[in-house]
Amino acid sequence: MPASAAEPGRGTAFAVYVLYLLSIPSFAIFALVGVIIALTGRAGSGPIARSHLDFQVNIWMTAFWVTIGLAFLGVIGAVLTILLIGFP
């Protein structure tokens, strides 16, 4: 058996990847579950699995803040459209 197959945290990293993939049709509910699992599974994982789990958390945080920023810009755009053009 290769050394990487027995590394602690490997199954956790794989499970989080599967949850991220399943989050597409679930409106990101599974992504939230996946990031919680990634955050809790980092403590007892090996170095390679730990880097994967850290990257998975980083992906979620980036997607979260980009979504918040785009929603904020959308609200500003809607308000300015109503104020400046008078369109609803």
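My entries below go through the helix pairs and then the pocket.

**Ground rules.** I am reading a predicted model, where local features need pLDDT of at least 70, side-chain atom pairs count only at pLDDT 80 or more, and totals for chains, interfaces and linings use all residues. Residues are numbered from 1 along each chain as its sequence is written, and side-chain values use heavy atoms, with hydrogens and water left out.

**Entry 1: H1 and H2.** I started with helix H1, residues 10–22, and helix H2, residues 29–41. Helices here are DSSP runs (H or I, at least four residues), numbered from the N terminus. The axes of H1 and H2 come within 8 Å and cross at roughly 165 degrees. Where do they touch? On the H1 side I found Thr 12, Val 16, Leu 19, Tyr 20 and Leu 22; on the H2 side, the contact (heavy atoms within 4.5 Å) includes Phe 30, Val 33 and Ile 37. The contact divides into 10 nonpolar, three polar and no charged residues. In this scheme Ala, Val, Leu, Ile, Met, Phe, Trp, Tyr, Cys and Pro are nonpolar, Asp, Glu, Lys and Arg are charged, and the others, Gly among them, are polar.

**Entry 2: H1 and H3.** Next I looked up H3, residues 47–85. H1 and H3 pack at about 25 degrees, with axes 8 Å apart, and are therefore roughly parallel to each other. Their contact draws on Arg 10 and Tyr 17 of H1, among others, and on residues of H3 including Ala 49 and His 52. By class I wrote down eight nonpolar, three polar and one charged.

**Entry 3: H2 and H3.** This pair packs at an angle of about 145 degrees, with the axes 9 Å apart. H3 brings Leu 53, Gln 56, Val 57 and Trp 60 to the contact, and H2 residues there include Leu 32 and Leu 39.

Entry 4: How much space lies in the largest pocket? I read about 160 Å³. A pocket is an open set of points on a 1 Å grid over the protein atoms alone, where a 1.4 Å probe fits, with protein on both sides within 12 Å along at least five of seven lines; lining residues have an atom within 4 Å of a point. The volume is the space filled by probe spheres set on the points, which are joined across faces, edges and corners. Tyr 20, Leu 32 and Trp 60 are among the lining residues. H3 gives the largest share, five residues.

Methods. Helix = DSSP H or I, 4+ residues; strand = E, 2+ residues; numbered from the N terminus. Axes fitted to C-alpha atoms, helices over the stretch in contact; angles between N-to-C directions. Parallel < 35°, antiparallel > 145°, perpendicular 65-115°, else oblique.
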